[in-house]
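Please find below a short note on the model under review.

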Amino acid sequence: MNYDAALDRALGRLHDEGRYRTFIDIERQKGHFPRAVWNHPDGTQRDITVWCGNDYLGMGQNPVVLEAMHEALEATGAGSGGTRNISGTTIYHKRLEAEIADLHGKDAALVFSSAYIANDATLSTLRVIFPGLIIYSDALNHASMIEGVRRGGGEKRIFRHNDVAHLRALLEADDPAAPKLIAFESVYSMDGDFGPIREICDLAEEFGALTYLDEVHAVGMYGARGAGVAERDRQMHRVDIINATLGKAFGVFGGYIAASAKMVDAVRSYAPGFIFTTSIPPVVAAGAAASIKFLKGPEGRALRETHQAQAAALKLRLRGLGLPIIDHGSHIVPVHVGDPIHCKMLSDMLLEDFGIYVQPINYPTVPRGTERLRFTPSPVHGSPEIDQLVRAMDSLWRHCALNRAEASA
């Protein structure tokens, strides 16, 4: 086989479809988020504003977090030294898991190297713990959840996105005695819509199913203490396993699950993705614990309120321009483009002409024909940044509309 030719064909398909992904070389500047420096391919540096980051609350720049990380770095050095079973468990990991368990009102928590690994490892391992487990998975669940369900083998049922009636029909069709688990999300990151947590928990209780909720795009940003949408909706006690990340609103790195002590112990004891992976560095664990503790308090509540206000303001301004935004009431602001090439062009022009960085979202992250720009406002995207973005989008959208009209004439 000509392997180089096969590689060329595979990469060529992505270029032809307009969805080849490029990395933009940016440097975040401490204390200046969402400002950053773009290292341009021509060798120059340009100031830009980041509008597509998942550090939703700017906690990656928070002095409380940085101080905790500096202290841990001076005390312990860089790495953890091994897996949790060998030498990679420290007081920092234990403190972090205690903060997470307290945040979600659970007995215990388990930290993984990422939320992707936490989803994959946990969902696949649950098949071992509960033989014959049937997993009911929302059609728009994250790739990590899909992989965990697939890799674990066994029976699975895919219910239409947020369609509780379809989920009920699937549950009714299966053996009442079979172990069951319903896996879904609280905030779906591409459309920004919410999962029907209360209704799904009702069904789980009726049919004797466990619930598995991914709060990755909600922790830190919803609820009185930032535990997520389940806390906001007062459903957290009804969810059996909560998955989330330390790398988005908490601004650091890693992922976790929170559940009963027995559930966490079983996953800890059986999941290869946990057992055979070096633990996150103590410095990272210290920063994440500090971030969670900070966001539980009054300053965290103030950040969440400002965050929601900025997201609402941006949506109002873009809607006023007549742009096709997708608005389900969350903090995520997608603008539907519908074509991968146009989406990439808009992204490139925003960066080159206006110093605005937002990556195009194309297939397979979203279905073909639903390509979009996904803006993520934060509490520190103030009026000047919003004004700049709105002016840029108005100019480029009208420019692209004129070009499309001329092309079709």
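The numbered points below cover the basis of the model, a pair of helices and a sheet with its packed helices.

1. This is a predicted model, in which local features need pLDDT of at least 70 and side-chain atom pairs count only at pLDDT 80 or more, while totals for chains, interfaces and linings use all residues. Residues are numbered from 1 along each chain as its sequence is written, and side-chain values use heavy atoms, with hydrogens and water left out.

2. Helix α11 (residues 282-296) and helix α12 (residues 298-320) have axes that come within 4 Å and cross at roughly 80°. α11 is therefore roughly perpendicular to α12 (65 to 115 degrees). Axes are lines fitted to C-alpha atoms, for helices over the stretch in contact, with angles from 0 to 180 degrees between N-to-C directions. Helices (H or I, at least four residues) and strands (E, at least two) are DSSP runs, numbered from the N terminus.

3. On the α11 side, Phe294, Leu295 and Lys296 make the contact; α12 contributes Glu299, Gly300, Arg301, Leu303 and Arg304 (contact means heavy atoms within 4.5 Å).

4. β13 and strand β16 (residues 372-375) run antiparallel and are joined by four bridges. Proline 334 has arginine 374 of β16 as its bridge partner.

How values were computed
Angles under 35 degrees count as roughly parallel, over 145 as roughly antiparallel, 65 to 115 as roughly perpendicular and the rest as oblique. Two strands pair if DSSP finds at least two bridges between them.
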